[in-house]
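Let's take a friendly look inside a protein model together. Please keep the structure in view while you read.

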Amino acid sequence: MLLKISGEALAGEQGFGISPPVISQLTEEIRAVHDMGVALGLVIGGGNIVRGTTASAQGMDRVSADYMGMLATVINALALQNAMERGGLETRVLTAIRMEQLAEPYIRRRAIRHLEKGRIVIFAGGTGNPYFSTDTAAVLRGIEMEADVIIKATKVDGVYTADPKKDPNAQFIPEITYLEALSRELGVMDAAALSLCKDNGIPIMVLNLDTPGAVARAVRGERIGTLVNSDAAPAPRTERRAQP
């Protein structure tokens, strides 16, 4: 399984940086999945520190901004590694940008070997290239590791017809196809990531990281969050009208 965690989720209520209580909760979620015998890879975003697209929109050179975002994912990966190892979990951080003093360089066969030995592998540094999101990096690593599913852990319960934090009439979508998610621009993942999943037939589950035990429940096969795959029930076409 490949678990994609948004950087914003690590910030918790403070909205920026790394929240120790959130890291501790996440460690327990990961422990529960690891104890089930699941080979587990992680990709963490960097939006709680630097988001490349935001910095670029504010006037920074896009390439420089994206590299700063990649470095932010390394900071998050090291923070999570520290928390997990203090909790007795064996981990390895592999980076797409070489920085041997901090982590191992990403090599596919090495990553697979770590997984075979029961280690939790954290993939940092995105794809190592600008203009690609950590969503795309997560899908790419999932494909390379031959993951059965990609779980995207966010701060909402799944996919909605609109942003539920801004629109109280937004409808929850329990299941949707890759093509519909792409055409309707529902924010599941960026187009490159969704296209990779579609081409390789890897299902995506979107769930709320704040829900206790959510990841373990998904691994056990429970219906939680939103499932994105090639054959799904039609999603709601219109938003719910407010009751009179």
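The residues that line the largest cavity divide into 4 nonpolar, 2 polar and 2 charged. Here Ala, Val, Leu, Ile, Met, Phe, Trp, Tyr, Cys and Pro count as nonpolar, Asp, Glu, Lys and Arg as charged, and the others, Gly among them, as polar. You can find the lining at A9, V22, Q25, L26, E29, T154, L209 and D210. Helix 2 (residues 20-34) gives the most to this lining, with 4 residues. A search of the whole structure finds 1 cavity of 30 Å³ or more, and the space in the largest cavity is about 60 Å³. A cavity is a set of points on a 1 Å grid over the protein atoms alone where a 1.4 Å probe fits but cannot get out, and lining residues have an atom within 4 Å of a point. Its volume is the space filled by probe spheres set on the points, which are joined across faces, edges and corners.

Keep in mind that this is a predicted model, in which local features need pLDDT of at least 70, side-chain atom pairs count only at pLDDT 80 or more, and totals for chains, interfaces and linings use all residues. Residues are numbered from 1 along each chain as its sequence is written, and side-chain values use heavy atoms, with hydrogens and water left out.

Next, where is N48 placed? N48 sits in the loop between strand 2 (41-44) and helix 3 (52-57); helices (H or I, at least four residues) and strands (E, at least two) are DSSP runs, numbered from the N terminus. With a relative accessible area of 0%, N48 is buried (buried means under 20%, exposed over 50%, partly exposed in between, with a 1.4 Å probe and protein chains only). The side chain of N48 reaches the backbone oxygen of G17 at 2.9 Å.

Now for the rings: the structure holds 2 aromatic pairs. Rings of Phe, Tyr and Trp (its six-membered ring) pair if their centres lie within 6.5 Å; planes under 30 degrees apart count as stacked, over 60 as edge-to-face and the rest as tilted.

| Pair | Centre to centre | Angle between planes | Type |
|---|---|---|---|
| Y106 and F123 | 5.8 Å | 75 degrees | edge-to-face |
| Y160 and F172 | 5.5 Å | 65 degrees | edge-to-face |

Y160 in strand 7 (residues 159-160) and F172 in strand 8 (residues 172-173) are 12 residues apart. Y160 is buried, at 17% relative accessible area, whereas F172 is partly exposed, at 32%.

Key: On a 1 Å grid over the protein atoms alone, a cavity is a set of points where a 1.4 Å probe fits but cannot get out, and a pocket is an open set with protein on both sides within 12 Å along at least five of seven lines; lining residues have an atom within 4 Å of a point. A polar contact is a pair of N or O atoms within 3.5 Å; within protein, one must be able to donate a hydrogen and the other to accept it, and residues adjacent in sequence count only if both atoms are side-chain atoms.
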